[in-house]
Amino acid sequence: MKVELKGRPIVPGLARGKALVSKKPLSFLGGVDPETSIIIEKNHDLNGQEINGNILCFPHGHGSTVGSYVLYSLVKRGIGPKAIVNETADPVVVVGAVIAEVPMVDGINIGQIGNGDVVEVNGGKGIVRIVKRKKPCI
Amino acid sequence: MHLTTEEEHIYDGEEGWAYQTAMRILVKLGDLFGATHLIPIESAHISGVSYKTMGDAAIEFVEALAQAGAKAKVPSTINPAGLDYNRLTEMPVSSKVKEKQAKIISLYRTMGINPILTCTPYYIKKPAQGVHVAWAESSTVIYANSILDAWTNREGGPSALAAALIGKTPDYGMHRPENRKANIAVKVETELENEAQYGALGAYLGKTLKDKIPAFEGLAHPREEDLKQLGAALASTGMTSIFYPCQSCPKSVKRLETVRVGRDELKESMESLSTTDEQPDMVYIGCPHCSFSEVKRVAETIEGRKVKNDVKLWVCTSRYVKERAEFDVATIEAAGGKVVSDTCAVVTWLKKLGVDTLMTNSAKTAYYAPTMNKVKVRFGSLRECIDAACTR
């Protein structure tokens, strides 16, 4: 079973990994601990989860433009996301992905991706492929 | 976006990593928001300077650019830092923090950016009318568009820095005349008495108008500082980057949907900007940084009076204004107040200064300080602020 979602290419590059999916906007400044990549934004549905090594899927960014630098810093420390998938790209996340060279696609209905699904992202083509669904908990 | 051959070369990395990265930021943002090409800018103003706000994360990227030899192509300035460099010994932070803050400033300086450390660079050099600029800092942006007629988008720290290094910005948003037109009329049906009420009006409208562009009717003879407060508040609670304080509005405005603001709305907004009515332990004037005439007003209000022993009075401005307003500065400091430059109450370590309750005449500060600085806030006019600070 493979589901292919077509969005808009933002930053080129290939990535494959587990999807970390949120229904809520995310602020990188103040919302993510730059030392650990753990999401610390209050009342966030991913609060306590680590970004490190995941394909980070969320509707869009919000908050300070310093957030772009936080994303850069995470990647330089080797604890950044493997790729970013947004519904609507916003300047903070786009600039962060550009300077950190993280593959990024937007225009994707995040609701179609399950938390823990294995996905492939082709940033240059704007494609997100769900290659393996996480088995539902019984 | 269409790029010239020279721009293509930079985009492809022929001028090195730093300029390539700057160009990629501009092109990506341009693509995202429908720009067709890059346009030259007269100046850039960059946010992302205070170590308190930025933390370590931002230093790494700015350092990488500086080390790669990137230089600003146009006159560029930066926002306030976390410390007053004339009062470094009074600043309650470790030497490690002071080093980090100094490093950020020196990185910008290395890139040929003027470490002016103020959010009101326009009091030092006004841009020419009708020029394009790339300014960050929402209060500076709305002032540029509305009061100075210098055209800028609401840039963030990284995009303003990228524009500084390339000397250009993508031509979307506020750089296009059709996006600068008023699309809502605001009829102010009560008389505004002081700058705090102008700020309260802005704070109320930012929440209700979001990113709509208001043209005001009924503002009777506002002073420049009144409009500065109105704009700073409007841009804090909302996403507006421009407003029109028209004395006599053009016909086109009269046909727009109209929002009315009366005494009740203003009173409610004034009240909502205070979280306490307690005695403040700091009184803060200077968000955005004071003009000459504001420093003078503080001096005239405080002359011959004395600041209470347990209250700090901070009057924040640029070093430029402070150095040239020496008589007013002397009057304020003789009364026990401090004229502080290079920083402001919001971007410094307020809690470490022992501040729990802050009183201010700035609606922008009143809006941000409870969350950014974790302090209680009392909001009032400049006169009310000075009265609260002084013994009589």
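How many residues does the contact take from chain B and from chain A? In this predicted model, chain B contributes 21 residues to the contact and chain A contributes 20 residues. The area buried between the two chains amounts to about 1800 Å², and carbon and sulfur atoms account for 69% of that area.

Polar interactions across the contact were also counted. One salt bridge links chain B and chain A; it joins the side chains of B:Glu60 and A:Arg77, with an N to O distance of 2.7 Å. Four residue pairs are in polar contact between chain B and chain A, both residues of each pair being at pLDDT 80 or more. On the side of chain B that touches chain A, at least two residues each come from α2 (17-33), α3 (51-67) and α6 (157-166) of chain B. The greatest contribution to this side is that of α3(B), which supplies nine residues. By residue class, the side of chain B that touches chain A comprises 13 nonpolar, four polar and four charged residues.

The volume of the largest cavity is about 40 Å³. Its lining is formed by B:Tyr122, B:Ser139, B:Ile142, B:Tyr143, B:Ile147, B:Leu227, B:Lys228, B:Gly231, B:Ala232, B:Phe243 and B:Pro288. Two or more of the lining residues are given by each of α5 (138-148) and α8 (224-237) of chain B. In composition, the lining of the largest cavity consists of eight nonpolar residues, two polar residues and one charged residue.

How values were computed:
Residues numbered from 1 in each chain as written. Chains lettered and ligands numbered in written order. Predicted model: local features only at pLDDT ≥ 70, side-chain atom pairs only at ≥ 80, totals over all residues. Heavy atoms only, no water. Contact = heavy atoms within 4.5 Å. Buried area = accessible area lost by both parts, 1.4 Å probe. Salt bridge = Lys/Arg side-chain N within 4 Å of Asp/Glu carboxyl O. Polar contact = N/O pair within 3.5 Å; in protein donor to acceptor, adjacent residues only side chain to side chain. Helix = DSSP H or I, 4+ residues; strand = E, 2+ residues; numbered from the N terminus. Nonpolar A, V, L, I, M, F, W, Y, C, P; charged D, E, K, R; others polar. 1 Å grid on protein atoms, 1.4 Å probe; cavity = no way out; pocket = protein on both sides within 12 Å on 5 of 7 lines; lining within 4 Å. Points joined across faces, edges and corners; volume = space filled by probe spheres on them.
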